[in-house]
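Work through the exercises below with the sequence and the model side by side. Try each task before reading its solution.

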Amino acid sequence: IAKNDDFKVIEGVGPKMASILNEAGIITFDQLAGTKVSTVKEILAAAGPRYNMHDPSTWGKQAKLAAAGKMEELKNLQAELKGGKKVKK
């Protein structure tokens, strides 16, 4: 049985977001990495209007690194993010 990965290591995902993703059947980094951004946005929209402001565009990439255990690369990527969004330089 798959256990839930800790999505809170992903920049932009807090405890409530993690539970919304889990309730939608996304419980592992691999699943999140393989889910289209548009699908994640639909899941967030279905959870209520206050979740529409979240930008999941980098979550898949972050999840892919986490799934591969590349925590150093994940930290480097997150250093360029603010609230899960790429910061324009």
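**Exercise 1.** Leaving aside neighbours within four places in sequence, which residues is Ile-10 in contact with?

Solution. This is a predicted model, in which local features need pLDDT of at least 70, side-chain atom pairs count only at pLDDT 80 or more, and totals for chains, interfaces and linings use all residues. Residues are numbered from 1 along each chain as its sequence is written, and side-chain values use heavy atoms, with hydrogens and water left out.

Step 1: contact means heavy atoms within 4.5 Å. Step 2: with those neighbours set aside, Ile-10 touches Phe-29, Leu-32, Trp-59, Gln-62, Ala-63 and Gln-78.

**Exercise 2.** Find which residues of helix α5 (residues 71-78) are buried, and where they lie around the helix.

Solution. Step 1: helices (H or I, at least four residues) and strands (E, at least two) are DSSP runs, numbered from the N terminus. Step 2: buried means under 20% relative accessible area, exposed over 50%, and partly exposed in between (1.4 Å probe, protein chains only). Step 3: Leu-74, Leu-77 and Gln-78 are the buried residues of α5. Step 4: down the axis of α5 they fall within an arc of 95°, so they line one face of the helix; the arc is that of the directions from the helix axis to the C-beta atoms. Step 5: the face turned away from the buried side carries exposed Glu-72 and Lys-75. Step 6: the cover over the buried residues of α5 includes α4 (59-67), β1 (81-82) and β2 (85-86).
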